Amino acid sequence: MTSARQVVQTVLAGRESNPQKAGSAYAPANIALVKYWGKRDEALNLPVTGSLSISLGPLGSRVELARGTGAGDGIWLNEEKLPGDSSFAQRASAYLDLFRPSPDFVFELRARNTVPTAAGFASSASGFAALAKAVAGLFGWGLSTRELSILARLGSGSAARSLEEGFVEWRAGTAADGMDSFAERLEAEWPELRVGAVVLCADEKPVGSRAGMRRSVATCEFYREWPGRVAKDLAALKAAIAKKDFAALGETAEANALAMHALMAATRPPIVYALPETVAAMRKIWALRQDGLPVWFTMDAGPNVKLLFEAKDEATIRDRFPGVEVVAPFG
Ligand code: PMV
């Protein structure tokens with residue numbers, strides 16, 4: 001089995017370091033329209049299937065990284081210094097271990113999220129993508145987007161998709177070391193597309209994605225159906241994007257998210273992220289669609305829904321979902 005450290009060595013093989021005073025980078029958050037749920041290698045975050053997301057432009061993470069002077073890594077999140085034993089600091093330090101030139105080398109990391117923390121968009125994808133870029137910048141490695149996607153994936157799977165704007169496809173790959181498992185931007189623009197975050201509950205989720213995926217792969221009797229389903233949904237979504245067929249995009253994304261949540265519910269013990277408010281929001285969206293409003297939704301490992309709609313309907317959506325956070329992924 002290849003370790004994450006070996007992957008870093010493979011990526012950096014023959015690469016000169018040209019250390020800089022600091023590395024600074026931004027990466028957008030992303031929301032999957034065809035989901036990633038299940039790993040074939042836990043250490044390298046290699047997925048069972050491909051997935052396809054939309055990046056959220058100005059909502060994301062900015063990271064500044066420099067060599068530190070303290071006894072351990074100094075880690076700030078949104079201007080606040082974190083205790084070394086906080087889960088964010090531990091995850092960031094464990095990731096930085098992969099790149100630490102020597103045990104006494106400490107980092108000073110300042111991360112700022114432009115994703116409002118309560119907006120229900122995951123910031124781990126943008127955080128690890130920005131961190132991978134900032135590390136590469138600090139050491140002056142001059143890595144390609146593909147290499148950065150591989151390195152970001154080692155921090156969090158969905159981070160592989162946060163190196164690019166627009167529609168991004170993460171190919172599952174088949175190599176044991178994951179060198180063919182990275183994400184690439186699709187050649188497509190859709191300026192009218194809008195994503196709206198409806199926050200129903202900002203509490204921490206009961207089961208994290210890593211543990212949840214592991215449990216689904218091990219116990220869900222329908223899991224074997226999932227790869228075939230994802231392959232069909234990826235083909236349908238790419239066709240919808242190529243034709244700019246919004247109804248087909250919405251149908252595919254919503255059905256794929258519901259299929260993932262069905263897998264979760266058929267996991268033992270079951271994983272159900274939906275709250276009564278989530279089900280009420282789904283019913284409201286279906287009723288609005290019945291009345292002719294073209295709106296669909298997607299949802300991740302949590303109770304919040306993300307609306308998919310077009311710019312022409314933004315005023316109606318804001319009226320029906322007061323407080324919705326609207327993003328224009330193509331600016
Ligand atoms: O990369 P992780 O471990 O945060 O997992 C992401 C899982 C989902 O958000 C549910 C789906 C996805 O493709 O982003």
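Two strands are said to pair if DSSP finds at least two bridges between them. Helices (H or I, at least four residues) and strands (E, at least two) are DSSP runs, numbered from the N terminus. The model described here is predicted, so local features need pLDDT of at least 70 and side-chain atom pairs count only at pLDDT 80 or more, while totals for chains, interfaces and linings use all residues. Residues are numbered from 1 along each chain as its sequence is written, and side-chain values use heavy atoms, with hydrogens and water left out.

Strand β5 (residues 74-77) runs parallel to β7 and is joined to it by four bridges, with Ile-75 having Leu-109 as its bridge partner. The pairing of β4 with β7 is antiparallel and takes in seven bridges; here Ala-66 stands opposite Glu-108.

In a regular strand the side chains alternate between the two faces of the sheet.

Strand β4 covers residues 51-67 and includes Ser-51. Ser-51 counts as buried because its relative accessibility is 0%. Leaving aside neighbours within four places in sequence, Ser-51 is in contact (heavy atoms within 4.5 Å) with several residues, including Tyr-36, Arg-161 and Trp-170.

Ser-156 sits in the loop between α4 (145-155) and β8 (167-170). Ser-156 is buried too, because its relative accessible area is 8%.

Technical notes. Buried means under 20% relative accessible area, exposed over 50%, partly exposed in between (1.4 Å probe, protein chains only).
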